[in-house]
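User: I am new to reading protein models. Please walk me through one, feature by feature.

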Amino acid sequence: MSHTPPATTAPWWKRWWRRLPPSRQDRFATLGPLLAVLLFLAAIVVAIAYLRFEEIDREREAVTRDVEYAQQRLRLRLLERQEQLMRLAREIDNHAIDTEEFAFQAETLVSQFPELLAITWVDGRRRVLSGYTSPSAPVALMRSVGSALTPSETDGSFDLARDLRQPIYSRPLIGTDPRGARLMLHVPLSEQGRFAGTVMGEYSVDGLMRFGMPPEIMARYAVALLDDTGAVLAGSLQTAEPVLSFLPWSSPSLEHEVPVSPVGNGLILKAQGYRTSQDIVGSGFFGVIGALSALTVWMLIGTWRHTRRRVQAQQALVAETNFRRAMENSMLTGMRALDIQGRITYVNPAFCSMTGWTEAELVGRTAPFPYWPEEDHEQLHARLDDELNGRSTPGGFEVRVRRRNGTVFDARMYVSPLIDPKGHQTGWMTSMTDITEPKRIREELSASYERFTTVLESLDSAVSVAPLGSEELLFANKMYRLWFGTRGQGHRHLVDLAGNQPQPALDDADQVDAFAGMPTGTLTDAGVENAEVFVPELDRWLEVRTRYLTWVDGRLAQMVIASDITPRRTAEEQAARQTERAQTASRLITMGEMASSVAHELNQPLTAISNYCNGIISRLQEQRITPEEMLVALEKTARQAQRAGQIIQRIRAFVKRSEPNPTLSDVAQMVNNAIELADIELRRQQVRLTPYVAARLPALMVDPILIEQVLINLLKNAGESIVQAGRPQGERLVELRVAPRQLDGEQVVEFEVRDSGKGVPEEMLERIYEAFYSTKSEGMGIGLKLCRSIVESHHGRMRMENLYNGTEVTGCCFSFWIPVASRLQPQGSPDTAANEPLTDTERAR
């Protein structure tokens, strides 16, 4: 038994329904859906009418806004062209261009902006001075230079520009064909304040429409340019009326028109909204609303199930489309699809980026394509025919591609057939890659290799490269082939002579690569080693330089550069012999000049020996001498003989010819030896020598005879300078200073000779070290030259300076220094003993 809830708890409408009799309930059940459908229909009609009215208002506002935007775009394009023509006018006023340059710039502007038909330079009497007319312009615009414009051609705009002295647009000029209407713009010219003509630009109204109208406006509206009489000059308008205009949602096409400024002379821009199928839907709405009401539930269920499946398929399709679009957009390779007739059906963003043209400008185009260079049209047409006929090479082909800005780049194209899902070929897919940079690098590498080969082939040195442990010759230049042929034995022979071929460590077989025959570790430093070798087969001295490098295939190789140094070795040997002879000759000349002083010096001990002997003899004869007195006299005689022997030994050691023999020499001993020889001449010249030698001087690695020769020459020159200056007895002074110093962070011993002569004249300072140049009439001019050569051969330096007392020259100072840490090596020589200081036994002999 069912339980009925209390009536007080049910809603009012349920209580009302329950109180109705069954007949009325059936009536209400039958009329209820009908009433609901009628109310639904009425609500739909009211809603559609209300929404349509609002939509019409929004469309009217959109048409007004879009037309005004299109007017601004047209105005901006006209102002840009006007500014360019005014720039030409200013250049003409400033005499910056002539007629030829004007024609060239006019041609550039006409070619760049399609709405320009012609640009003409007209003088004050309407004569054409120069200009350029587009090839697509009517024949009437082809004006020759020197022809005159009629007032009818300019429609009074020429006179108005002359009177107002500002740019003036003409009214739209219509010929026999209204579609060929054009505008004129006259920009006045002035010369010294007087009217000198105009720069006349002629626009195609149709060109302004096609190239100045935004594409989005053209897609939404029927747009046209009208004159003040309503005649259509460019574009098109709708003329048909809606079919059922009595319906509340039916309305005529929305339209709006505005004058095109800055023309202002009757050119009007008018746009009409395209009519949709709303009139048809509205007229058939009442016929289908009943059936739609009956089928609503059934259709709703079926549509819901179908919609769910479609949404799933759509989501999968959107994901797949987005994935493929992402792949296409991320590709750096340009893709282009052609149909069977050669029409472009698809281009990806990379292709548009390469060429500079948009997808809308390329899709649908046929040959010649805009990215073809004009000079390559014939060749590219042939390539396209091969591509469409399936004769393209699998490896692709190179072409030149022109960008939108006029630049040209090299590209490689690959062509493959385009197959649809049914297996039918619908066209051709072409991929394009920019190879400008790889081609430039390849050409630069080729040119670099050619320059490198040319340089190596023209070298006077033999250059060869061979892998280590192999007789294979990887590279050999012309000089190597001339000397050693094309085999690798010459390379190996040079390496063996140089003596720096790396040897593998054969005591450990595990450390040797059996394939290459070389150690697996680091073999040698990659530095360069030099060696001078004599090749008996060539009878030449060669300087051999080796370097280890990694060859292009990764193998370790050795490069050998052999330069012919035979002339240099011969010259060095001759120079050494000449220097040795010059040094010996200089010492002989010095001793020759000092011969009288040396003879006087020897005469003193010899005279003393003679006197001692005569005195001993006479006293022995008279028996007036004791043994002690005789012993004293004999000792004095021996000392005089020893002194004479020392003088002779010093002279003998100084003038004796010998090879340079660097030895670790005592500086004080060398100075004393030089003073002993030079002081003889200085005393003869009545010149006082004062030596200042520092204590504990370091030993020097030098040839002592050569250093003594330098000191003797400098001391002798100092004495001669004092004699030539005619100094009085008390001012004839020569100082010799020897002391350690530090120059540029290096320890040296400095030798300094100061005299009180007249110095060296300023005009002779730069030539005193020249060979065979002397300030003395009897001099040979090799003393100072030889001294500096000796000092520099010991890695030292020599300098000279005059001494001043105010502005008066009071003497001259010659100095030189020898480094303590010398790079010379000691050499054994048979004459070494002759250069060493004498022992007491030798002095006795």
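Analyst: We start with burial. Buried means under 20% relative accessible area, exposed means over 50%, and partly exposed lies in between (1.4 Å probe, protein chains only). This is a predicted model: local features need pLDDT of at least 70, side-chain atom pairs count only at pLDDT 80 or more, and totals for chains, interfaces and linings use all residues. Residues are numbered from 1 along each chain as its sequence is written, and side-chain values use heavy atoms, with hydrogens and water left out.

User: Is tryptophan 17 buried, exposed or partly exposed, and what is its relative accessible area?

Analyst: Tryptophan 17 has a relative accessible area of 34%, so it counts as partly exposed. Tryptophan 17 sits in helix 1, residues 12–19. Helices (H or I, at least four residues) and strands (E, at least two) are DSSP runs, numbered from the N terminus.

User: Which residues make the nonpolar surface patch?

Analyst: First the rule. Patches are made of residues with over 30% relative accessible area and no salt bridge; like charges are joined within 9 Å, and nonpolar side chains (Val, Leu, Ile, Met, Phe, Trp, Tyr) within 5 Å. Areas come from the Shrake-Rupley method with a 1.4 Å probe; for residues, only the protein chains shown count as cover. Here, Trp12, Trp13, Trp16 and Trp17 make a nonpolar patch of about 510 Å².

User: Now the whole chain. How many helices and strands are there?

Analyst: The chain has 23 helices and 28 strands. Of its 845 residues, 38% count as buried. The chain exposes about 48700 Å², and carbon and sulfur atoms supply 55% of that.

User: How do I read contacts?

Analyst: Contact means heavy atoms within 4.5 Å. Take the contacts between residues at least 6 apart in sequence: 58% of them join residues at least 24 apart.

User: Where does leucine 116 lie, and which residues does it touch?

Analyst: Leucine 116 is in strand 1, residues 116–122. Leucine 116 is buried, at 2% relative accessible area. Leave out residues up to four places away in sequence, and leucine 116 touches Arg81, Leu109, Val110, Ser134, Glu202 and Tyr203. The C-alpha atoms of leucine 116 and serine 204 are 6.3 Å apart, though 88 residues separate the two along the chain.

User: What about glutamine 105: buried or exposed?

Analyst: Glutamine 105 counts as buried, at 13% relative accessibility. Glutamine 105 belongs to helix 3, residues 99–112. Its contacts, not counting residues up to four places away in sequence, are Arg87, Leu88, Glu91 and Ile97.

User: How do I check the length of a helix?

Analyst: The expected span is 1.5 Å times one less than the number of residues. Helix 19 (residues 667–684) has 18 residues and should span 26 Å; its end C-alpha atoms are 26 Å apart, which agrees.

User: Where is the kink in helix 19 centred?

Analyst: The kink is centred on alanine 678 and is about 35°. The bend at a residue is the angle between axes fitted to the seven residues ending there and the seven starting there.

User: Which residues of helix 19 are buried?

Analyst: Among them are Val667, Met670, Val671, Ala674, Ile675 and Ala678. An α-helix has 3.6 residues a turn, so residues three or four places apart point the same way.

User: What comes after helix 19?

Analyst: Glutamine 685 is in the loop between helix 19 and strand 23 (688–693). Glutamine 685 is buried, with a relative accessible area of 11%. Glutamine 685 touches Gly719, Glu720, Val723 and Arg732, not counting residues up to four places away in sequence. Also just after helix 19, glutamine 686 takes a positive phi of about 60°.

User: How many salt bridges does a search of the whole structure find?

Analyst: A salt bridge is a side-chain nitrogen of Lys or Arg within 4 Å of a carboxyl oxygen of Asp or Glu. The search finds 37. In one of them, arginine 442 pairs with glutamate 398, the closest N and O atoms being 3.9 Å apart. Arginine 442 lies in helix 13 (residues 436–457) and glutamate 398 in strand 12 (residues 397–402), so the pair ties together parts that are 44 residues apart in sequence.

User: Which residues are linked in a network of salt bridges?

Analyst: The network links Glu398, Asp410, Arg412, Lys439 and Arg442. Within it, lysine 439 and aspartate 410 form a salt bridge (3.6 Å, N to O). That pair links distant parts of the chain: lysine 439 is in helix 13 and aspartate 410 in strand 13 (residues 408–419), 29 residues apart.
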